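Visitor: I am new to looking at protein models, and I would like to learn how to read a few features step by step. Could we take them one at a time, with the general idea before the particular case?

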Amino acid sequence: MVNIGNEWDTLLAPEFKKDYYLKLREFLKYEYSNFNVYPAMENIFNALRYTSYSDVKAVILGQDPYHGFGQAHGLCFSVQKGVEPPPSLKNIFTELHNDLGIKIPSSGDLTAWAKNGVLLLNTVLTVREGMANSHRNMGWEILTDKIISLLNQREKPMVFILWGSPAKSKIPLVTNKQHKVLTAVHPSPLSVYRGFFGCRHFSETNQFLIDNKIQPINWNLF
(Lines give C-alpha, C1' and ligand atoms only; values in the text may rest on other atoms or scores of the structure.)
Protein backbone atom coordinates (compact mmCIF):
# COMPACT_ATOMS: atom_id res chain seq x y z
CA MET A 1 0.00 0.00 0.00
CA VAL A 2 0.95 3.66 0.19
CA ASN A 3 4.08 4.58 2.16
CA ILE A 4 4.64 8.33 2.34
CA GLY A 5 7.17 8.27 5.16
CA ASN A 6 5.85 10.88 7.57
CA GLU A 7 2.74 11.91 9.57
CA TRP A 8 0.50 11.63 6.51
CA ASP A 9 0.73 7.82 6.69
CA THR A 10 -1.11 7.74 10.02
CA LEU A 11 -3.51 10.56 9.16
CA LEU A 12 -4.57 9.02 5.84
CA ALA A 13 -4.45 5.34 6.80
CA PRO A 14 -8.26 5.12 7.16
CA GLU A 15 -8.73 6.64 3.67
CA PHE A 16 -6.48 4.08 2.01
CA LYS A 17 -8.77 1.30 3.26
CA LYS A 18 -12.03 2.83 1.99
CA ASP A 19 -13.91 1.50 -1.03
CA TYR A 20 -13.39 4.63 -3.13
CA TYR A 21 -9.61 4.41 -2.74
CA LEU A 22 -9.49 0.66 -3.42
CA LYS A 23 -11.46 1.28 -6.64
CA LEU A 24 -9.12 4.14 -7.54
CA ARG A 25 -6.15 1.84 -6.95
CA GLU A 26 -7.55 -0.76 -9.37
CA PHE A 27 -8.21 1.96 -11.94
CA LEU A 28 -4.63 3.19 -11.61
CA LYS A 29 -3.22 -0.32 -12.00
CA TYR A 30 -5.04 -0.60 -15.31
CA GLU A 31 -4.05 2.89 -16.47
CA TYR A 32 -0.35 2.53 -15.63
CA SER A 33 -0.27 -0.91 -17.28
CA ASN A 34 -1.91 0.20 -20.53
CA PHE A 35 -1.06 3.88 -21.04
CA ASN A 36 1.57 6.50 -20.32
CA VAL A 37 0.44 8.07 -17.05
CA TYR A 38 2.03 10.97 -15.18
CA PRO A 39 3.68 11.42 -12.80
CA ALA A 40 5.71 8.21 -12.43
CA MET A 41 4.05 5.94 -9.90
CA GLU A 42 6.73 6.54 -7.26
CA ASN A 43 6.16 10.32 -7.50
CA ILE A 44 2.35 10.40 -7.08
CA PHE A 45 2.52 11.44 -3.40
CA ASN A 46 5.57 13.73 -3.59
CA ALA A 47 3.60 16.75 -2.33
CA LEU A 48 2.85 14.91 0.92
CA ARG A 49 6.28 13.27 1.04
CA TYR A 50 8.17 16.57 0.91
CA THR A 51 5.83 18.51 3.21
CA SER A 52 4.67 16.67 6.32
CA TYR A 53 1.46 17.70 8.08
CA SER A 54 3.11 19.66 10.91
CA ASP A 55 5.47 21.43 8.50
CA VAL A 56 2.83 23.00 6.21
CA LYS A 57 3.03 26.80 6.21
CA ALA A 58 1.12 27.38 2.97
CA VAL A 59 -0.94 25.29 0.56
CA ILE A 60 -0.97 26.01 -3.17
CA LEU A 61 -3.74 24.08 -4.92
CA GLY A 62 -3.48 22.94 -8.51
CA GLN A 63 -5.84 20.82 -10.63
CA ASP A 64 -4.32 17.76 -12.29
CA PRO A 65 -0.70 17.10 -13.26
CA TYR A 66 0.91 18.28 -16.49
CA HIS A 67 0.15 15.69 -19.17
CA GLY A 68 3.29 16.07 -21.31
CA PHE A 69 6.31 13.77 -21.26
CA GLY A 70 8.85 14.47 -18.52
CA GLN A 71 6.99 17.33 -16.86
CA ALA A 72 4.98 16.20 -13.82
CA HIS A 73 6.68 14.91 -10.70
CA GLY A 74 3.98 15.13 -8.05
CA LEU A 75 4.08 18.83 -7.16
CA CYS A 76 1.48 21.23 -8.57
CA PHE A 77 2.79 23.80 -11.08
CA SER A 78 6.29 22.26 -10.82
CA VAL A 79 8.23 20.56 -13.61
CA GLN A 80 11.31 18.38 -13.43
CA LYS A 81 14.77 19.87 -13.77
CA GLY A 82 15.77 20.50 -17.39
CA VAL A 83 12.17 20.98 -18.55
CA GLU A 84 11.08 24.39 -19.85
CA PRO A 85 8.73 26.03 -17.32
CA PRO A 86 5.18 26.13 -18.76
CA PRO A 87 3.47 29.53 -19.28
CA SER A 88 1.53 29.48 -15.98
CA LEU A 89 4.70 28.78 -14.02
CA LYS A 90 6.56 31.55 -15.85
CA ASN A 91 3.77 33.91 -14.80
CA ILE A 92 4.10 32.73 -11.19
CA PHE A 93 7.81 33.52 -11.34
CA THR A 94 7.07 36.96 -12.81
CA GLU A 95 4.69 37.77 -9.95
CA LEU A 96 7.23 36.45 -7.44
CA HIS A 97 9.85 38.77 -8.92
CA ASN A 98 7.51 41.77 -8.95
CA ASP A 99 6.34 41.06 -5.40
CA LEU A 100 9.57 40.17 -3.61
CA GLY A 101 12.28 41.11 -6.11
CA ILE A 102 13.41 37.49 -6.33
CA LYS A 103 15.38 36.64 -9.45
CA ILE A 104 13.39 34.57 -11.96
CA PRO A 105 14.80 31.02 -11.91
CA SER A 106 15.62 29.10 -15.07
CA SER A 107 14.41 25.81 -13.58
CA GLY A 108 10.74 25.12 -12.92
CA ASP A 109 11.45 22.56 -10.20
CA LEU A 110 9.65 23.76 -7.05
CA THR A 111 10.95 21.03 -4.72
CA ALA A 112 12.74 23.67 -2.62
CA TRP A 113 9.37 25.32 -1.88
CA ALA A 114 7.91 21.97 -0.84
CA LYS A 115 10.82 21.36 1.53
CA ASN A 116 10.30 24.86 2.95
CA GLY A 117 6.70 24.26 4.01
CA VAL A 118 4.67 24.85 0.83
CA LEU A 119 2.29 21.95 0.16
CA LEU A 120 2.05 21.88 -3.64
CA LEU A 121 -1.11 19.79 -3.91
CA ASN A 122 -3.06 18.94 -7.04
CA THR A 123 -6.70 18.00 -6.46
CA VAL A 124 -6.22 15.07 -8.89
CA LEU A 125 -2.86 13.34 -8.58
CA THR A 126 -2.53 11.47 -11.89
CA VAL A 127 -3.31 11.99 -15.58
CA ARG A 128 -3.05 10.04 -18.83
CA GLU A 129 -0.55 11.43 -21.34
CA GLY A 130 -2.01 14.11 -23.59
CA MET A 131 -5.43 13.98 -21.90
CA ALA A 132 -6.00 16.76 -19.35
CA ASN A 133 -8.51 15.85 -16.62
CA SER A 134 -8.60 12.20 -17.76
CA HIS A 135 -8.42 10.96 -14.15
CA ARG A 136 -10.96 13.40 -12.81
CA ASN A 137 -13.88 11.99 -10.78
CA MET A 138 -12.14 8.65 -10.22
CA GLY A 139 -11.69 9.18 -6.48
CA TRP A 140 -8.70 11.48 -6.13
CA GLU A 141 -10.89 14.46 -5.21
CA ILE A 142 -12.28 12.58 -2.19
CA LEU A 143 -8.76 11.99 -0.90
CA THR A 144 -7.47 15.50 -1.55
CA ASP A 145 -10.58 17.04 0.01
CA LYS A 146 -9.80 14.96 3.09
CA ILE A 147 -6.23 16.31 3.07
CA ILE A 148 -7.54 19.88 2.94
CA SER A 149 -10.01 19.12 5.75
CA LEU A 150 -7.24 17.66 7.92
CA LEU A 151 -5.14 20.77 7.37
CA ASN A 152 -8.14 22.94 8.24
CA GLN A 153 -8.38 21.11 11.59
CA ARG A 154 -4.79 21.97 12.52
CA GLU A 155 -4.44 24.62 15.23
CA LYS A 156 -1.19 26.10 13.92
CA PRO A 157 -2.10 28.75 11.31
CA MET A 158 -1.34 28.36 7.61
CA VAL A 159 -2.19 30.09 4.33
CA PHE A 160 -4.36 28.56 1.61
CA ILE A 161 -3.39 30.03 -1.78
CA LEU A 162 -6.18 29.39 -4.27
CA TRP A 163 -5.68 30.42 -7.90
CA GLY A 164 -8.53 29.92 -10.35
CA SER A 165 -12.12 28.71 -10.00
CA PRO A 166 -11.42 25.00 -9.30
CA ALA A 167 -9.08 25.93 -6.45
CA LYS A 168 -11.53 28.52 -5.10
CA SER A 169 -14.24 25.84 -5.03
CA LYS A 170 -12.39 24.38 -2.00
CA ILE A 171 -13.00 27.50 0.12
CA PRO A 172 -15.92 25.82 1.99
CA LEU A 173 -13.44 23.24 3.34
CA VAL A 174 -11.44 25.97 5.11
CA THR A 175 -13.62 26.97 8.04
CA ASN A 176 -11.16 27.61 10.89
CA LYS A 177 -10.53 31.30 11.39
CA GLN A 178 -6.88 30.92 12.36
CA HIS A 179 -6.01 30.16 8.75
CA LYS A 180 -5.77 32.72 5.95
CA VAL A 181 -7.25 32.21 2.47
CA LEU A 182 -5.81 34.12 -0.51
CA THR A 183 -7.58 33.94 -3.86
CA ALA A 184 -6.84 35.16 -7.38
CA VAL A 185 -7.48 34.18 -10.98
CA HIS A 186 -5.39 31.36 -12.43
CA PRO A 187 -1.88 32.36 -13.57
CA SER A 188 -2.50 31.05 -17.10
CA PRO A 189 -1.90 33.49 -20.00
CA LEU A 190 -5.68 33.63 -20.53
CA SER A 191 -6.41 35.22 -17.15
CA VAL A 192 -3.14 36.45 -15.65
CA TYR A 193 -3.87 40.15 -16.33
CA ARG A 194 -7.30 39.91 -14.64
CA GLY A 195 -5.92 39.93 -11.11
CA PHE A 196 -3.07 37.46 -10.81
CA PHE A 197 -0.33 39.96 -11.59
CA GLY A 198 -0.25 42.29 -8.61
CA CYS A 199 -1.92 39.88 -6.16
CA ARG A 200 1.24 39.91 -4.00
CA HIS A 201 0.38 36.55 -2.47
CA PHE A 202 4.00 35.68 -1.68
CA SER A 203 4.60 38.72 0.52
CA GLU A 204 1.09 38.46 2.02
CA THR A 205 1.75 34.86 2.98
CA ASN A 206 5.02 35.70 4.67
CA GLN A 207 3.55 38.68 6.52
CA PHE A 208 0.77 36.45 7.88
CA LEU A 209 3.33 33.87 9.03
CA ILE A 210 5.48 36.54 10.69
CA ASP A 211 2.39 37.99 12.42
CA ASN A 212 1.74 34.50 13.82
CA LYS A 213 5.36 34.05 14.94
CA ILE A 214 6.07 31.44 12.25
CA GLN A 215 9.27 31.45 10.22
CA PRO A 216 8.44 32.94 6.79
CA ILE A 217 8.88 30.92 3.60
CA ASN A 218 12.07 31.26 1.60
CA TRP A 219 10.60 31.62 -1.91
CA ASN A 220 14.04 31.85 -3.52
CA LEU A 221 14.72 28.75 -5.65
CA PHE A 222 18.44 29.43 -6.06
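Visitor: How many residues does H2 have, and how far does it reach from its first C-alpha to its last?

Guide: Please keep in mind that this is a predicted model. The general idea is to set the span of a helix beside the span expected for its number of residues, counting 1.5 Å a residue. Here H2 has 16 residues and reaches 23 Å from its first C-alpha to its last, which is close to the expected 22 Å.

Visitor: Which residues of H2 are buried, and where do they lie around the helix?

Guide: A residue is called buried when its relative accessible area is under 20%. In H2 this holds for Tyr-20, Tyr-21, Leu-24, Phe-27, Leu-28, Glu-31 and Tyr-32. Seen down the axis of H2, these buried residues fall within an arc of 130°, so they line one face of the helix. The face turned away from that buried side carries the exposed residues Asp-19, Lys-23 and Ser-33.

Visitor: Which way do the side chains of a strand point, and what is the case in E5?

Guide: In a regular strand, the side chains alternate between the two faces of the sheet. In E5, which covers residues 159–163, Val-159, Ile-161 and Trp-163 point one way, while Phe-160 and Leu-162 point the other way. The strand is mostly covered, with 5 of its 5 residues buried.

Visitor: Which strands pair with E5, and in what sense?

Guide: Strand E2, residues 58–62, pairs with E5 in the parallel sense over 4 bridges, and here Leu-61 stands opposite Leu-162. Strand E6, residues 180–184, also runs parallel to E5 and is joined to it by 5 bridges, with Trp-163 standing opposite Ala-184.

Visitor: Where does the largest share of the lining of the second largest pocket come from?

Guide: That share, 5 residues, comes from H2. The second largest pocket, with about 290 Å³ of space, is lined by 15 residues, and Tyr-21, Arg-25, Met-41, Ile-44 and Phe-45 lie nearest its centre. Its lining has 9 nonpolar, 2 polar and 4 charged residues.

Terms used
Residues are numbered from 1 along each chain as its sequence is written. This is a predicted model: local features need pLDDT of at least 70, side-chain atom pairs count only at pLDDT 80 or more; totals for chains, interfaces and linings use all residues. Side-chain values use heavy atoms; hydrogens and water are left out. Buried means under 20% relative accessible area, exposed over 50%, partly exposed in between (1.4 Å probe, protein chains only). Helices (H or I, at least four residues) and strands (E, at least two) are DSSP runs, numbered from the N terminus. Two strands pair if DSSP finds at least two bridges between them. On a 1 Å grid over the protein atoms alone, a cavity is a set of points where a 1.4 Å probe fits but cannot get out, and a pocket is an open set with protein on both sides within 12 Å along at least five of seven lines; lining residues have an atom within 4 Å of a point. Grid points are joined across faces, edges and corners, and a volume is the space filled by probe spheres set on the points. Ala, Val, Leu, Ile, Met, Phe, Trp, Tyr, Cys and Pro count as nonpolar, Asp, Glu, Lys and Arg as charged, and the others, Gly among them, as polar. The expected span of a helix is 1.5 Å times one less than its number of residues. The arc is that of the directions from the helix axis to the C-beta atoms.
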